[in-house]
Amino acid sequence: MHGEYKVPGGKLVVVDVEARDGMLRDVRVAGDFFLEPDEALDAVNGALEGASADTDAAGLAARIEAALPAGTVMYGLTAEGVAVAVRRALAHATDWTDYDWQLIHEGPQPPALHMALDEVLTAEVAAGRRPPTLRVWEWGAPAVIIGSFQSLRNEVDAEGAARHGVEVVRRISGGGAMFVEPGNTITYSLSVPESLVQGLSFQDSYAYLDDWVLGALGDMGIRAWYQPLNDIATDQGKIAGAAQKRIVGPCGGPGAVLHHVTMSYDIDADKMVEVLRIGREKLSDKGTRSARKRVDPLRRQTGLAREAVIDRMIESFRGRYGLAPGAATAGELARAEELARTKFLSSGWTARVP
């Protein structure tokens, strides 16, 4: 069995291992990491050899840490990263390059339709009828998107939203509220087979699915990192937030994961705090009170137009994993439009947590 895991902010760890009679056998750890002294690699392999195949990642990491020679130096490698690679091998996890990725990047669409497309496309991936998909959103109207479990009245100022013509929709994933205006944010979704994150904890799956965009930002001169549980940050603060939803496959079989991210390109903070109640508290804590204040980390840090940032992100993904242009099929779009009308535009869904 073969497992791979790129340590967030670090290097690739590769593990080849067999499981015989419930024990790990013939363990071989490799990768492009740095490790001193040389004997430390033998210690890592030895620590894993004979371990129960049911040992979780934390238990495997503890065995490795206990076996390392005094003074061991790891660079681009962690005991936890090796343990995750082992668990991915045992779970028969897939890799990004095992798939033919498809890009969907279409014109502006209504907020409710975006919510519905996320659900429909990820269900299609779970059913095996659609390849793994990167979808870049274009917004047809300003909106507040609240998390699946958030209270509508606690998060949104209804009068402020109405005054600014901001539509309120609820998404299927958890997490916090997002304020978006056309041209001021960058939003994308990954709809991926569950096997891509097999062997990863919920938290590790966020870091794993965000890793490509950290590389893309790095290519644009932004040193960014994953900040648990679901943020992407730089030394100037948070620039993006992620959310996930697991969708079960047909007949309870292997499913798919929806992972979507909204990045701040150039946000009108004054308008945001008139629409989002929680935004007032967060910005007040940061001392952000000035008129016409803008939250513009990507615009300011890259010096690039929003469209150029998106193009560079897409090219970075394509260079890593391959990416063919595509579109939602007529059937997918029809189902999404129906779902937008019956679910995401309904008060029963939007106010399901009043």
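Biologist: What should I know about numbering and cut-offs?
Modeller: Residues are numbered from 1 along each chain as its sequence is written, and side-chain values use heavy atoms, without hydrogens and water. The model is predicted: totals for chains, interfaces and linings use all residues, side-chain atom pairs count only at pLDDT 80 or more, and local features need pLDDT of at least 70.

Biologist: What radius of gyration does the chain have?
Modeller: The radius is taken over C-alpha atoms, and the globule rule is 2.2 Å times the number of residues to the power 0.38. For 354 residues, a compact globule would come near 20 Å. The chain agrees with that, at 22 Å.

Biologist: Which residues does Met313 contact, leaving aside its neighbours within four places in sequence?
Modeller: Contact means heavy atoms within 4.5 Å. With those neighbours set aside, the partners of Met313 are Ile186, Tyr188, Trp212, Val213, Ala216, Met220 and Met263.

Biologist: Is Lys6 buried or partly exposed?
Modeller: Lys6 lies in strand 1 (residues 2-6). Strands are DSSP runs (E, at least two residues) and helices are too (H or I, at least four), numbered from the N terminus. The relative accessible area of Lys6 is 30%, so Lys6 is partly exposed.

Biologist: What is omega for the cis peptide bond from Glu36 to Pro37?
Modeller: Most peptide bonds are trans. Pro37 sits in the loop between strand 4 (34-36) and helix 1 (39-48). The bond from Glu36 is cis, with omega near -5°.

Biologist: Where is the cis bond from Pro228 to Leu229, and which strands flank Leu229?
Modeller: That bond has omega near 0°. Leu229 is in the loop between strand 12 (225-227) and strand 13 (231-234).

Biologist: What is the phi of Cys251?
Modeller: Most residues other than glycine have a negative phi. Cys251 lies in the loop between strand 14 (237-247) and strand 15 (256-264). Cys251 is exposed, at 88% relative accessibility. Its phi is positive, near 60°.

Terms used
Buried means under 20% relative accessible area, exposed over 50%, partly exposed in between (1.4 Å probe, protein chains only).
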